Amino acid sequence: MTDKQKLWLPYRKLDTMLTVLRNWGYQTVGPQTRDGAIVYDDLDSADELPWGVYDVQNPGEYRLEQSEDQQAFSWNNGPQAIKPLLFKPKEPLWRVERDDNGALTFKEVTEEVNKTAVIGVRACDLAGMAVQDRTFIDDQYVDEKYQKRRQNLFLVAVNCVYSGNNCFCVSTGDGPQCTHSYDLVLTELTDGFVAEAGSESGQTLVDELDIANADHASVEHAQSRVDYAARTQTKKLPDGSVRDIIFNNLDHPQWENVAERCLSCGNCVMVCPTCFCHHETEVPSLDGSSSEHQRQWDSCFTAGHSYFGGHVLRDDTKSRYKQWLTHKLASWWDQFGTSGCIGCGRCITWCPVGIDLTEEVAALAQSPNQEHE
Amino acid sequence: MVKRPANLPQQAEIVHRDEEAPKVFSLHLRFTESSVHNAYHFYPGQFNMVYLFGVGEVPISIVSDPRHYSLYQHTVRIVGRITQGLSKLKQGDKLGIRGPYGHGWPMETAKGKDVVIITGGIGCAPTVSAIRYMMNRRHDYGRIMIVQGVKHSDDLLFRPYYEHWAQQPDTEVRLTADKPGPHWPWDHRLATEIIHELGIIRPQNTVAMMCGPEGMMLACVKPLVERGLVEDNIYLSMERNMECALGHCGHCQFGGQFICKDGPVFAYPTLKPLLGRKGF
């Protein structure tokens, strides 16, 4: 990594970068402000980036503000980033046709996979993607749709130079510095970015952009900005094995406590970069001649999630929250050899009642006999 | 690790259909394409995702002996929409099958050992394949002891099979019903009590295979261990909501295990920490 040349990408070259990517056949996607949040959508020009925008995130709170500094990446994250591009919220898996004799013909649903370049992903997004890769690609069965989209992805990552109140990627070891899975990584300073290629395609891109090396002062300044983001995080998961804390405390009174606050709404699942539960449904045609088998995002907080053989296994909020948290921070280790949590803090931000899983884990780690205020 | 792409169902047709008990029926199937049929291999304890056109898929274990079948058999209990729809299918009707999935019974591990099979209700179906397998290779296995419990005597499935197996050498069959009808010739106690009477003569070399309501399986572990069985040799077939059968949709999780691909058959020690806990 230290051998890679650090370059200087001025703001005025951002549109050139988008043009080059589009010439290569990529659809360019990037962050914009919409509906009061940072949303990733088609990015046609650098103008559309969230210049001067910063986000204020607290448990159960998200709002955008405008600042005087005209930087494009003063915010941390929005509700979604890479996940909906690789693992679509809803899509057909296969189709079946039935003829007049009742004979069935099953057909895979193939799709044109667009090459997609995503500008402005964060370290937590890369970490979440790497975790989700373990579910859909590196496991016993490969999800071909996810795999194809993943192979056709070009990622321009941007290191965070501020941390939000809910960020704890330092604690999970996943940020704020981007260290893997990107084609190009940028760190913003005044008027531009210190840039570094992370892959052959990334190197080809910087070659095409014909940009100069970054000077030493800029490289140092960029690093100090990322270090500042790392130093200023306040939330953390406990040291030691979080998996053991969870599995050793399955009867802790804290589960009752959180169940009284949790609405079982599933927002946390919707915004989590690693959650992968999905429901398979059947959509038959009205004339009965065909049917489509689809999948769509699901959540372990729904009644249907644990329904089988005529009954619901998790019929209360307490067991649902317990399922979600034990999976995220404990069972994930057994399944995929890593934590399911990458410290992005989205679940804390987007929870309507502001449940903070770092606090929940801290409470579970406490002996139940100790008095709290 | 074998990587396979996500599977597509293949068409199979119902060659014949039997009513086994109130709300329980068997479908005897053949893949329409003979090349698919000939290439299809399964192991006792594995399951297929059975697709009913326009309605959806359900996981159903395969009841046939993997080496002695021309048709393969699924025995289904009506519990919801899809199984209700499957119950209305007739000879000649078509459905979709994808599979087989999962880890089956430890037939290799059990070779040369005595085997105890304990099942309750429709749980007997996943073990029928294993029993048939052993009966067709009788000398590869030692004593076979079968306990099948039902709620009501009318619920007994496969009576002819059990009566046939009871005649086999070195084989003990114990049927029991909580609510026996007037002509019920067998037992009415719980499986847990019957375990104490089984002819287990070399417990360290006895493998137990169980399938049925979770509470029943958990309750049976204690008497089996009291009879001297080793926990590692006690196997349970688990059931959860399975939708994809590939370990991707997340519904079938039991703690860190995906029932569809890490199971459905598990050695008891794997399940022990969470078995019986509410919500898992």
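A residue counts as buried when its relative accessible area is under 20%, as exposed when it is over 50%, and as partly exposed in between. The exercises below apply this and related rules to a predicted model.

**Exercise 1.** Decide whether B:Y43 is buried, exposed or partly exposed, and do likewise for B:Y133.

*Solution.* Start with B:Y43, whose relative accessible area is 29%; because this value falls between the two limits, B:Y43 is partly exposed. Next take B:Y133, which has 2% relative accessibility and therefore counts as buried.

**Exercise 2.** Classify the ring pair formed by A:Y11 and A:W51, and say where its two members lie in chain A.

*Solution.* The ring centres are 4.8 Å apart, and a pair requires centres within 6.5 Å. The planes meet at 85 degrees, and because angles over 60 count as edge-to-face, the pair belongs to that class. As for position, A:Y11 is in the loop between β1 (7-10) and α1 (14-23), while A:W51 is in the loop between β3 (37-42) and β4 (53-58), so that the pair links parts of the chain 40 residues apart. Both A:Y11 and A:W51 are buried.

**Exercise 3.** Find which charged residue sits over the ring of A:W297.

*Solution.* The charged end of A:K83 does, at 4.6 Å from the ring centre. A:W297 also belongs to a cluster linked by ring pairs, whose members include A:F87, A:W332 and B:F258.

Technical notes. Residues numbered from 1 in each chain as written. Chains lettered and ligands numbered in written order. Predicted model: local features only at pLDDT ≥ 70, side-chain atom pairs only at ≥ 80, totals over all residues. Heavy atoms only, no water. Phe/Tyr/Trp six-rings, centres within 6.5 Å; stacked < 30°, edge-to-face > 60°. Helix = DSSP H or I, 4+ residues; strand = E, 2+ residues; numbered from the N terminus. Buried < 20%, exposed > 50% of the residue type's maximum accessible area, 1.4 Å probe, protein only. Lys NZ or Arg CZ within 6 Å of the ring centre and 35° of its normal.
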